[in-house]
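Welcome! Please take a look at the sequence and the structure shown here, and then let us walk through them together.

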Amino acid sequence: MDIINMIIIFVFAILTGIFSGLLGIGGAIFLVPFMVYIFNFDQKLAQGTTLLAFTMPSFILGAITYYKSGNVKLEYSIAIFLGILTGAFLGANIAQKIDSKLLSKIFGIALIVIGTKMIIDNIK
């Protein structure tokens with residue numbers, strides 16, 4: 001990878017981290033499409049790369065900041081962690097068996113459904 005691509009990814013990752021910390025969302029909704037459309041990554045490669053890259057910074061910096069501010073219910077976090085640990089293992093194994101184009105469609109549909117629901121719920 002050349003230095004220009006490293007800088008582009010680094011800057012986009014900073015923006016993704018800001019939105020992740022601000023909105024409490026995983027960076028995959030930004031980084032996966034970015035890696036697929038800007039760097040021509042296969043869907044599985046984009047998901048695996050961002051999953052690995054996002055795990056530690058999100059936990060270490062984001063979660064600790066929220067915890068120190070008193071905005072974490074630890075018992076819920078433990079239950080969520082155990083569920084995500086199990087689900088991520090199962091999901092990653094299932095993803096390896098699915099065609100990348102189908103996986104990309106599933107990813108896009110999930111974003112549309114969740115985003116639409118959030119918009120509709122907040123129109124009052």
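The protein has 5 helices and 0 strands, where helices (H or I, at least four residues) and strands (E, at least two) are DSSP runs numbered from the N terminus. Read from the N terminus on, its elements run α-α-α-α-α. Along the principal axes, the C-alpha atoms fill a box of roughly 40 × 35 × 30 Å.

This is a predicted model: local features need pLDDT of at least 70, side-chain atom pairs count only at pLDDT 80 or more, and totals for chains, interfaces and linings use all residues. Residues are numbered from 1 along each chain as its sequence is written, and side-chain values use heavy atoms, with hydrogens and water left out.

**Confidence**

The predictor's confidence in each residue is called pLDDT and goes from 0 to 100. The protein averages a pLDDT of 87, and 98% of the residues score at least 70. Among the elements, helix H3 (residues 43-68) has the lowest mean pLDDT, 84, while H5 has the highest, 91.

**Inside the fold**

Buried residues make up 15% of the 124 residues; buried means under 20% relative accessible area, exposed over 50%, and partly exposed in between (1.4 Å probe, protein chains only). Which residues form the largest nonpolar core? It has 8 residues: Ile-9, Val-32, Phe-34, Met-35, Val-36, Phe-39, Ala-46 and Phe-107. Helix H2 (residues 28-38) gives the largest share of this core, 4 residues. A nonpolar core is a set of buried Ala, Val, Leu, Ile, Met, Phe, Trp, Tyr and Cys residues joined through side-chain atoms within 4.5 Å.

The buried residues of H2 are Leu-31, Val-32, Phe-34, Met-35 and Val-36. Just after H2, Asn-40 takes a positive phi of about 55°.

**Who touches whom**

| Residue | In contact with |
|---|---|
| Thr-16 | Gly-27, Phe-30, Leu-31 and Phe-54 |
| Val-36 | Phe-41, Asp-42, Gln-43 and Ala-46 |
| Gln-43 | Val-32, Val-36, Ser-100, Leu-103, Ser-104 and Phe-107 |

Thr-16 is found in helix H1 (residues 3-23), and its relative accessible area of 1% makes it buried. Gln-43 lies in helix H3. Is Gln-43 buried or exposed? It counts as buried, because its relative accessibility is 5%. The side chain of Gln-43 also makes a polar contact with the side chain of Gln-47, at 2.8 Å. A polar contact is a pair of N or O atoms within 3.5 Å; within protein, one must be able to donate a hydrogen and the other to accept it, and residues adjacent in sequence count only if both atoms are side-chain atoms.

**Helix H5**

Helix H5 (residues 100-121) has 22 residues and reaches 32 Å from its first C-alpha to its last, close to the 32 Å expected at 1.5 Å a residue; the expected span is 1.5 Å times one less than the number of residues. Its buried residues are Ser-100, Leu-103 and Phe-107. They lie on the same side of H5 because they cover an arc of only 60° around the axis, taken from the directions from the helix axis to the C-beta atoms. The face turned away from this buried side carries exposed residues, including Lys-101, Lys-105 and Ile-109. At the N-terminal end, Asp-99 caps H5: a side-chain oxygen lies 3.1 Å from the backbone nitrogen of Lys-101.

Technical notes. Contact = heavy atoms within 4.5 Å. Lists of a residue's contacts leave out its neighbours within four places in sequence.
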